[in-house]
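This report goes through selected parts of the structure shown below. It takes strands first, then helices, then loops.

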Amino acid sequence: MTKILITEFINTNSLQTLKQNFEVHYNEKLWDQPKEIIKLIKDFDGLIVRNKTQVNKEIIDHANSLKFIGRLGVGLDNIDTEYCKNKDIHVQPATGMNADSVVEYVASSALSLIKKIPLFNNGTIKGEWPRTSIKSEEINGKTLGLIGYGTIGKKVSNYCSNLGLNIIVYDPYLKDQTSDQNVKFVGLDKIYEISNIISLHLPLTDETKNLINKSSFSKMKEKPIIINTSRGSVINEDDLIEAYNANLISGFTLDVFENEPIKKEFYSKINSNMNCILTPHISGVTTQSNERVCNFITKKTLEFFKNR
């Protein structure tokens, strides 16, 4: 019987479906035991993970029977995809399944930071009643710059255009860059120069690591809000904090970080007087999106092994 190893959380219905069709070993804490994974993996045909399990060369080399890896999410930087390709192992992400959740997160972050909600909230909690001391704005008519225009970037564009935002896009990998009435394609420097909000939707690669850095912030003329729901290392975090303190940007939302969980060195640079939102990599995680992701990977696992 085909054997499936699951090293991180999967919902109950999907787990039961997999158990009805395969021999399943499920331990949602196994991601933190790489040596145990190495011991187990040699007998398994399929592996299902989220973003914590590091599917590296060592693990793959011990996976004598592995043919399929299902990723309960979108990003693949925790999986050595090139080595999988060389080993003829199919890697299946849940592309698009959490997109709606990320879109809502981006829009709500933009609205919150434009209206300075974190500052009003923290000031009110401290008893300051900052009704007139903090100035907020409306989002209508602002310019949203999207860096990356894949599945999520396009959905963010469609959603935010209904909020009255002007949408500009930079994506060097996109072949069709025909501007339409809702979206205008521009160069990266133009994104920096005229955006009031900049939202990142990029994979982490050698090219995108530290893409947003001190030089980038120095070109931002409109003191934009920065929203990152892609991968933490796309932004240089030290340069981000420095830019905020130098009044080069007016706020930021980070759902992803260079180190997860966040280390004390980063926390020490954040205080309650900052117009910022920090969340623990949850922009794509809702009850609904988790169900879609789990169901999708379960379906793809069944389809893959049915055809074998």
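Strands and helices here are DSSP runs numbered from the N terminus, with at least two residues (E) for a strand and at least four (H or I) for a helix.

Strand 1 pairs with strand 2 (residues 23-26) in the parallel sense over four bridges, where pairing requires that DSSP finds at least two bridges between two strands. Opposite Ile4 stands Val24 of strand 2.

## Basis of the model

This is a predicted model, in which local features need pLDDT of at least 70 and side-chain atom pairs count only at pLDDT 80 or more, while totals for chains, interfaces and linings use all residues. Residues are numbered from 1 along each chain as its sequence is written, and side-chain values use heavy atoms, with hydrogens and water left out.

An open sheet is formed by seven strands in the order 8-7-6-9-10-11-12, with parallel pairing. Strand 8 (183-185) and strand 12 (276-278) are at the edges with a single partner strand each, so one side of each has no neighbour in the sheet. On average, neighbouring strands of this sheet are turned by 15° against each other, direction ignored.

Within the sheet, strand 9 (residues 197-200) and strand 10 (residues 225-228) pair in the parallel sense over four bridges. Ser199 is opposite Ile227 in strand 10. Thr253 belongs to strand 11 (residues 251-254) and counts as buried because its relative accessibility is 0%. Apart from neighbours within four places in sequence, Thr253 is in contact (heavy atoms within 4.5 Å) with Tyr105, Ser109, Leu113, Ile226, Ile227, Asn228 and Ile277.

Helix 12 (residues 287-306) has 20 residues and, at 1.5 Å a residue, should span 28 Å; its end C-alpha atoms are 29 Å apart, which agrees. The expected span is 1.5 Å times one less than the number of residues. Buried residues of helix 12 include Ser289, Asn290, Val293, Phe296 and Phe305. Among the elements covering its buried residues are strand 1 (3-6), helix 1 (12-21), strand 3 (46-49) and helix 5 (99-114).

Helix 1 packs against helix 12 at an angle of about 10°, with the axes 9 Å apart. Axes are lines fitted to C-alpha atoms, for helices over the stretch in contact, and angles run from 0 to 180 degrees between N-to-C directions. The two helices, helix 1 and helix 12, are therefore roughly parallel to each other; angles under 35 degrees count as roughly parallel, over 145 as roughly antiparallel, 65 to 115 as roughly perpendicular, and the rest as oblique. Helix 1 contributes Ser14, Thr17, Leu18 and Asn21 to the contact, and helix 12 contributes Cys294, Asn295, Thr298, Thr301 and Leu302.

## Backbone exceptions in loops

Most residues other than glycine have a negative phi, and most peptide bonds are trans. The bond from Glu260 to Pro261 is cis, with omega near -5°, and Pro261 lies in the loop between strand 11 and helix 11 (264-267).

Lys223 has a positive phi, near 50°, and lies in the loop between helix 9 (214-218) and strand 10. With 40% relative accessibility, Lys223 counts as partly exposed. His281 has a positive phi, near 60°, in the loop between strand 12 and helix 12. With 24% relative accessibility, His281 counts as partly exposed.

Key:
Buried means under 20% relative accessible area, exposed over 50%, partly exposed in between (1.4 Å probe, protein chains only).
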